[in-house]
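Work through the exercises below with the sequence and the model open.

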Amino acid sequence: MVFDVTMPQLGESVSEGTISKWLVREGDVVEKDAPLVEIATDKADSELPAPYGGRVVEILVKEGAVVAVKAVLCRIDDSDHAGKGVVSAPPASVPSPRVSGVVPAGVVDQPARSATGSALASPTIRREALERDVNLDEVRGSGERGRITKEDVVRASSDGKVEVTLAPSPSSAPTAPRPPSTGAAMLAQAVNQGGGFVPPVPGVGYGAFKVPAYRPNEGDKVIPFTRRRRITADHMTYSKVVSPHVVTVAEVDLHKTSRLRDAHKERYKKEGHALTMLAFVAVATARALRENPQLNARVLDDAMVLLRDINLGVAVDSPEGLVVPVIRRADELGVRGVVRGIDDLAKRARTGKITIDDLSGASFSVTNPGIKGNLFGGAIINQPNAGILRMGEIQKRVVVVDGPDGEDQLAIHPVMYLALSYDHRIVDGVAANSFLWRVTEIIEKGEFEV
């Protein structure tokens with residue numbers, strides 16, 4: 001019997017993946033759970049094991065292709081493995097018909113959606129739509145399963161024949177404009193109304209300014225973007241466009257927490273763990289998020305969600321660049337639990353063993369510039385979070401403290417700046433300052449069980 005092998009759901013927020021490399025060829029016989037294909041997503045890379053054994057009779061997707069969850073990748077005939085407990089496969093996916101043109105007035109025809117509810121489009125197409133001010137939520141794709149192609153975006157931006165689900169006919173009475181639901185749509189609306197922000201086009205220019213062409217010089221070294229760098233670049237650009245960033249900074253006296261760390265770091269070292277200042281900041285952040293839930297949130301089209309679980313993303317370095325693995329339900333962990341979580345995730349990131357699930361589901365993020373950091377800096381929000389907290393360099397400085405007799409005295413204490421970047425669409429200054437004030441208070445009082 002011939003079974004379909006489909007693209008799995010590789011993480012809670014992953015709706016598509018890129019076929020990096022086929023590990024088999026048509027005609028090969030594979031065993032159940034043997035590596036079948038390498039799949040890359042915007043979270044991490046992984047191998048898809050064969051769900052059942054048999055002969056690979058057909059490979060339907062080429063290397064480099066971007067495919068949606070549940071799309072058929074290949075077909076396996078288990079005739080050679082009959083009676084070996086082969087698991088039945090789900091029925092084959094039926095591709096959506098290819099459709100183009102304008103949806104007639106009054107017809108409600110919803111575009112195809114990914115597993116996350118967004119339009120079916122690759123990151124490249126999303127960038128193309130952003131540059132052309134096209135709202136993907138209003139375009140019905142002509143590709144397989146309703147996927148939006150570059151031609152769909154170009155057509156929508158060039159001749160105005162956008163496949164709109166709720167567009168009125170020209171003879172209809174004027175109605176209130178539909179609120180835009182994406183950053184690109186909001187930018188387009190501002191431009192069409194004769195004002196607002198006109199986005200620059202990456203690599204092209206802005207208004208009268210044009211990016212000068214690169215002219216190679218002897219000794220220059222051109223380094224092509226890796227897939228991870230391209231994803232990071234797209235993510236950072238998207239975040240800066242859609243989220244109005246506000247940065248607020250607090251000065252934190254680390255005297256009490258540093259003494260606590262010094263008293264216990266050798267014990268942790270003997271257990272194979274590093275008791276770092278990052279762990280204390282992470283614990284303080286998780287506790288402050290529980291008390292200030294406005295920062296543990298995300299934005300929807302026309303609403304916001306206060307998230308129940310505090311899943312703390314902690315930025316760590318990896319051979320392929322910066323990644324943000326997640327410590328789940330961090331507010332339920334003490335210092336020891338957070339230390340173990342950070343060590344485990346950092347080790348797996350350095351050895352390339354980080355998984356998609358490790359990188360999915362952060363509700364707030366903390367980043368540490370490392371031992372070669374600087375005074376402070378405003379980090380770009382890790383979407384779809386509402387904020388990110390960046391640690392600064394730890395320096396010994398003269399500070400004013402209360403003496404035994406109640407008079408001010410000078411002392412030399414380790415001091416650090418914490419910079420909070422927050423999304424001003426859903427977080428007001430009062431909530432942001434209250435959160436950062438609480439993080440500072442916990443650290444300065446050394447309120448930790450080590």
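Predicted model: local features only at pLDDT ≥ 70, side-chain atom pairs only at ≥ 80, totals over all residues.

Residues are numbered from 1 along each chain as its sequence is written, and side-chain values use heavy atoms, with hydrogens and water left out.

**Exercise 1.** Describe the surroundings of Asn385.

Step 1. Asn385 lies in the loop between β18 (364–367) and β19 (387–391); strands are DSSP runs (E, at least two residues), numbered from the N terminus.
Step 2. Its relative accessible area is 3%, and buried means under 20% (1.4 Å probe, protein chains only).
Step 3. Apart from neighbours within four places in sequence, Asn385 is in contact with Ala297, Ala362, Ser363, Phe364 and Ser365; contact means heavy atoms within 4.5 Å.
Step 4. The side chain of Asn385 reaches the backbone oxygen of Ala362 at 2.7 Å.

**Exercise 2.** In what order do the four strands of the open sheet lie?

Step 1. The order is β1-β8-β6-β3, with antiparallel pairing; two strands pair if DSSP finds at least two bridges between them.
Step 2. β1 (2–6) and β3 (29–30) are the edge strands, each pairing on one side only.
Step 3. Two bridges join β3 to β6 (residues 54–59), and Val29 has Arg55 in β6 as its bridge partner.

**Exercise 3.** List what Ile443 touches.

Step 1. Not counting residues up to four places away in sequence, Ile443 touches Val252, Asp253, Leu254, Thr257, Val281, Ala284, Leu418 and Phe448.

Methods:
Buried < 20%, exposed > 50% of the residue type's maximum accessible area, 1.4 Å probe, protein only. Polar contact = N/O pair within 3.5 Å; in protein donor to acceptor, adjacent residues only side chain to side chain.
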